[in-house]
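The sequence and the structure are shown first.

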Amino acid sequence: MGVQPPNFSWVLPGRLAGLALPRLPTHYQFLLDQGVRHLVSLTERGPPHSDSCPGLTLHRLRIPDFCSPGPEQIDRFVKIVDEANARGEERGLAAGDAIAEIRRLRPGSIETYEQEKAVFQFYQRRK
């Protein structure tokens with residue numbers, strides 16, 4: 001039985017979660033116990049001990065702290081989620097609503113104006 005990683009919470013229960021950087025092998029075991037099979041790291045440096053849990057596939061996007069992802073990184077993240085979910089079911093929220101919902105579920109998320117702008121630009125490209 002693993003130990004919950006810092007700031008873990010579900011965004012879409014059983015399908016999409018957010019968390020702070022997992023630092024211990026037992027954090028990865030917790031993710032597996034929850035049914036998580038893909039871990040997308042947004043940090044420049046890879047998460048420590050990520051090789052301790054072969055049941056988890058690690059994807060790395062490498063976004064500097066407090067920076068926003070580029071369009072290609074956002075597209076890659078969406079592709080990872082779509083492929084993992086097999087059906088690619090999306091909620092279809094408008095950008096402002098999506099930001100408000102993520103901030104409600106995970107306070108402190110989307111910290112800078114540039115990060116907000118990236119969400120709006122992604123929404124415009126998907127329309």
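Which residue forms a salt bridge with Arg103? In this predicted model, the partner is Glu116, with the closest N and O atoms 2.8 Å apart. Glu116 belongs to helix H4 and Arg103 to helix H3 (residues 95-105), so the pair ties together parts 13 residues apart in sequence.

## Overall fold

The protein contains four helices and four strands, which run β-β-α-β-β-α-α-α from the N terminus. Its radius of gyration is 15 Å, close to the 14 Å given by the globule rule for 127 residues, so the protein is as compact as a globular protein of that length. The C-alpha atoms fill a box of roughly 40 × 30 × 25 Å along the principal axes.

Buried residues account for 28% of the 127 residues. Of the accessible surface, about 8,200 Å², 53% belongs to carbon and sulfur atoms.

## Charges and salt bridges

There are 17 positive and 15 negative side chains, and the centres of the two sets lie 2 Å apart. Side chains of opposite charge can pair when their charged atoms come close. The count of salt bridges is five.

One of them joins Arg125 and Asp75 at 2.5 Å, N to O. Arg125 lies in helix H4 (residues 113-126) and Asp75 in helix H2 (residues 71-85), so this pair ties together parts that are 50 residues apart in sequence. Arg125 is partly exposed, at 39% relative accessible area, and Asp75 is partly exposed at 36%.

Another salt bridge links Lys79 and Glu83 (3.9 Å, N to O). These residues are four apart in helix H2, a separation of about one helical turn, and both are exposed.

Key:
Residues are numbered from 1 along each chain as its sequence is written. This is a predicted model: local features need pLDDT of at least 70, side-chain atom pairs count only at pLDDT 80 or more; totals for chains, interfaces and linings use all residues. Side-chain values use heavy atoms; hydrogens and water are left out. Helices (H or I, at least four residues) and strands (E, at least two) are DSSP runs, numbered from the N terminus. The radius of gyration is taken over C-alpha atoms; the globule rule is 2.2 Å times the number of residues to the power 0.38. Buried means under 20% relative accessible area, exposed over 50%, partly exposed in between (1.4 Å probe, protein chains only). Accessible areas come from the Shrake-Rupley method with a 1.4 Å probe; for residues, only the protein chains shown count as cover. Lys and Arg count as positive and Asp and Glu as negative; His and the chain ends are not counted. The place of a charge is taken as NZ of Lys, CZ of Arg, CG of Asp or CD of Glu. A salt bridge is a side-chain nitrogen of Lys or Arg within 4 Å of a carboxyl oxygen of Asp or Glu.
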